[in-house]
Amino acid sequence: MEQNGRTTSFLLSFLAILALSCSYGYGMPRMMMPEKLTTGSKYLTTEELWFTQTLDHFSPFDHRQFKQRYYEFLDNFRIPDGPIFLRICGESPCNGIYNDYLSVLSKKFGAAVVSLEHRYYGKSLPFKSLATENLRYLSSKQALFDLAIFRQYYQDSLNKKLNRTSVENPWFVFGVSYPGALSAWFRLKFPHLTCGSLASSAVVLAVYNFTEFDKQIGVSAGPECKAALQEITRLVDQRLITEAKSVKALFGAAELEIDGDFLYFLADAAVTAFQYGNPDRLCSPLVQAKKNGEDLVDAYAKYIKEYYSSDVQTYNQNYLKKPTLTEDNSMRLWWFQVCTEVAYFQVAPKNDSIRYHLDLCRNVFGEGVYPDVDATNIYYGGTKIGGTKIIFTNGSQDPWRHASKQTSSPDLPSYIMTCHNCGHGTDLRGCPQSPLIPEGNAQNCSSPDAVNKVRQKIIENIDLWLSQCQDAQKSCI
């Protein structure tokens, strides 16, 4: 059904507000971890350290370098032979090492924790402009080599501090979401540099037609909440025809002149509630408002203003096109990776909108930019990844789990935490993920036992693989 050139999708049996935004090509919810905190310290450390990184790991002729930011936390380190936990940062500025469940694991295993900022994000900038031609070195492949080079650099510097040579501490890598994928891929591509990997909510499958995402949102929402959101979609669509400026102003998004940008903003606000373990915060007031016969659009606007703090400007397609450096360039940078490597296009079932996503990639970055998902999946293996000693974990309510490995095998154990608010990265973050809970406390999960059982499995695997790694090293002496 067409209305003023906009494709609606009310008849689809899934979350309609997501479907509508996807028909415009903007259904790309953020995978960045939120940084709010209730009490306690958000970070174990925020002291910046720097080292010199190679710009292009694949050219024998290009010797350019850039400064890359990293952090270290040594309070729990068992000198001299304790393990080193490498926490991978991803598609946002890395301002320190989070005080989540990894700090508990650090205490248990006597581990040092180090964390490297992803190239281009935050302060690890190779160029003073983010023009498309300068983004050619922004890729998961380059990032993996960054991690490998950093790992060797840090091991050598630690040996120097301890006045020793040719000693290797056991390393274990961790990551959530895209960094979770990097964690799995690092173990796959550099098995000699790590004893194992935790790939939390790891989106290892690059995919064009990610219809499973919307389907999971509908399931996670439940029938009453889904019905309320579908009603909101219908009402917003009507108001965009007759009073576009006022309805955008109601949501504090008047600057989003393109309707598709605005709908993407509305969809993202709903998705994050399920993705990060806050379903009741969204659904309870909407279901109640619908029962009371109240204005659902007003109720949804209230939810967004109270709980969704994302910068509206980052949904502005014209803003994304700007190559100038700002305080946080994450959305332009992440869209580039989406548009060149992984896609994750949340296409509405029975409503192929790939062309709209590709139009966005072309509009923001220029002609010739498109995601070669086949090449990405051939290179890494997708959900058929051929690595060993990688733990995959996912939350039952997280729509991203359908791009992760959910089937278990002896060398690649996979665990799904099942509970009402088990979302993205629950094993490390607890419930919910926003605001952040110190040490990833699981007491607020609707089923703490489910989370704790998975955490115990994580501990058992880490313990086994670290001991195997240490035994192998001893046998080589």
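Hi everyone, let's start inside: the lining of the second largest cavity is made of six nonpolar, two polar and three charged residues. Here Ala, Val, Leu, Ile, Met, Phe, Trp, Tyr, Cys and Pro count as nonpolar, Asp, Glu, Lys and Arg as charged, and the others, Gly among them, as polar. Please keep in mind that this is a predicted model, in which local features need pLDDT of at least 70 and side-chain atom pairs count only at pLDDT 80 or more, while totals for chains, interfaces and linings use all residues. Residues are numbered from 1 along each chain as its sequence is written, and side-chain values use heavy atoms, leaving out hydrogens and water.

Back to that cavity. How many cavities of 30 Å³ or more does a search of the whole structure find? There are two. By cavity I mean a set of points on a 1 Å grid over the protein atoms alone where a 1.4 Å probe fits but cannot get out, and lining residues have an atom within 4 Å of a point. Helices (H or I, at least four residues) and strands (E, at least two) are DSSP runs numbered from the N terminus.

Now the helix packing, which I'll build around H5. H5 spans residues 211-242, and H5 packs with helix H7, residues 259-275, at about 150 degrees with the axes 11 Å apart. Axes are lines fitted to C-alpha atoms, for helices over the stretch in contact, and angles run from 0 to 180 degrees between N-to-C directions. H5 and H7 are therefore roughly antiparallel; the cut-offs are under 35 degrees for roughly parallel, over 145 for roughly antiparallel, 65 to 115 for roughly perpendicular, and oblique for the rest. The H5 and H7 crossing is right-handed, meaning the near helix is turned clockwise from the far one by less than a right angle, with anticlockwise being left-handed. From H5, the contact takes in Phe213, Ile217, Ser220, Ala221, Cys225, Leu229, Val236 and Leu240, and from H7, Asp259, Phe262, Leu263, Leu266, Ala270, Val271 and Phe274. Contact here is heavy atoms within 4.5 Å. By class, the contact of H5 with H7 has 13 nonpolar residues, one polar and one charged.

H5 also meets H8, and their axes come within 9 Å, crossing at roughly 70 degrees. That angle makes H5 roughly perpendicular to H8, and the crossing of this pair is left-handed. On the H5 side we have Ala221, Glu224, Cys225, Ala227, Ala228, Leu229, Glu231 and Ile232, facing Leu282, Cys283, Leu286, Val287, Lys290 and Lys291 of H8. Ten nonpolar, no polar and four charged residues make up the contact of H5 with H8.

Next along is the pair H8, residues 279-291, and H9, residues 296-307, whose axes come within 9 Å and cross at roughly 160 degrees. Are H8 and H9 roughly parallel or roughly antiparallel? They are roughly antiparallel, with a right-handed crossing. Arg281, Leu282, Leu286, Ala289 and Lys290 of H8 meet Leu296, Ala299, Tyr300, Tyr303 and Tyr307 of H9. That contact has eight nonpolar, no polar and two charged residues.

Beyond its neighbours within four places in sequence, Leu188 is in contact with Tyr380, Ile385, Gly386 and Gly387.

Last, the backbone. Most residues other than glycine have a negative phi, and most peptide bonds are trans. Ile79 and Pro80 are joined by a cis peptide bond, omega about 5 degrees, and Pro80 lies in the loop between strands E5 (65-73) and E6 (84-88). The bond from Cys431 to Pro432 is also cis, with omega near -15 degrees; Pro432 is in the loop between helices H14 (426-429) and H15 (448-475). Finally, Tyr344 has a positive phi, near 55 degrees, in the loop between helices H11 (330-342) and H12 (354-365). Thanks, everyone!

Technical notes: 1 Å grid on protein atoms, 1.4 Å probe; cavity = no way out; pocket = protein on both sides within 12 Å on 5 of 7 lines; lining within 4 Å. Points joined across faces, edges and corners; volume = space filled by probe spheres on them.
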